[in-house]
Amino acid sequence: VGKGVLDSHGKRVGMIEEVHAEEQHGEWVVTEYLIGAAALMERLSAWPIARGIVGLVVKKHEPGYKVPWDKLDLSDVKKPRLLCDVNELEKFSHP
């Protein structure tokens, strides 16, 4: 969390803001990563004060992306990289 993600061309897509995982057979398994400005809003939405401050800084029309666990190369944890085109990712926005 907090690392910038690059696309396959080296262009910055956004930062990893949240990691989703689920329990499978007694182990926690990462299912997807949320990246981008909307993902930051999603992560902080439970804290009304933080949401207000971040809302002033983050443009509401900036999308977030849901990145399936197998579409993010974390072999260099300092420089995560998409394994697909950003256009293949599901976009989302925060109200």
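Author: Glutamate 32 is buried, yet it has no salt bridge. In this predicted model, the nearest side chain of opposite charge belongs to lysine 66, which is 4.8 Å away.

The side chain of glutamate 32 does have a polar partner: a polar contact of 2.8 Å joins it to the side chain of histidine 20. Leaving out residues up to four places away in sequence, glutamate 32 touches Glu18, Val19, His20, Lys66, Val67, Pro68 and Trp69.

The strands give this list its setting. Glutamate 32 is found in strand β3. Strand β3, residues 27–36, pairs with strand β2, residues 12–24, in the antiparallel sense over eight bridges. Within this pairing, valine 29 of β3 stands opposite glutamate 22. The hairpin formed by β2 and β3 has two residues between the strands, and histidine 25 takes a positive phi near 55° there. Strand β3 also pairs with strand β4, residues 64–68, again in the antiparallel sense, over five bridges. Here leucine 34 has lysine 66 in β4 as its bridge partner.

A search of the whole structure finds one salt bridge, and lysine 66 forms a salt bridge with glutamate 90, with the closest N and O atoms 3.8 Å apart. Because lysine 66 lies in strand β4 and glutamate 90 in strand β7, residues 90–92, the pair ties together parts that are 24 residues apart in sequence. Lysine 66 is partly exposed, with a relative accessible area of 25%, and glutamate 90 is also partly exposed, at 49%.

The nonpolar residues complete the picture. In soluble globular proteins, nonpolar side chains tend to be buried together. The largest nonpolar core here has 11 residues in all, among them Tyr33, Ile35, Tyr65 and Val67. Strands β2, β3 and β4 each supply at least two residues of this core. Val67, a member of the core, is also one of the residues that glutamate 32 touches. Leucine 72, another core member, is in contact with residues including Val5, Ile16, Tyr33, Val67 and Leu82, its neighbours within four places in sequence being left aside.

Definitions and conventions
Residues are numbered from 1 along each chain as its sequence is written. This is a predicted model: local features need pLDDT of at least 70, side-chain atom pairs count only at pLDDT 80 or more; totals for chains, interfaces and linings use all residues. Side-chain values use heavy atoms; hydrogens and water are left out. Two strands pair if DSSP finds at least two bridges between them. Helices (H or I, at least four residues) and strands (E, at least two) are DSSP runs, numbered from the N terminus. Buried means under 20% relative accessible area, exposed over 50%, partly exposed in between (1.4 Å probe, protein chains only). Lys and Arg count as positive and Asp and Glu as negative; His and the chain ends are not counted. A salt bridge is a side-chain nitrogen of Lys or Arg within 4 Å of a carboxyl oxygen of Asp or Glu. A polar contact is a pair of N or O atoms within 3.5 Å; within protein, one must be able to donate a hydrogen and the other to accept it, and residues adjacent in sequence count only if both atoms are side-chain atoms. Contact means heavy atoms within 4.5 Å. A nonpolar core is a set of buried Ala, Val, Leu, Ile, Met, Phe, Trp, Tyr and Cys residues joined through side-chain atoms within 4.5 Å.
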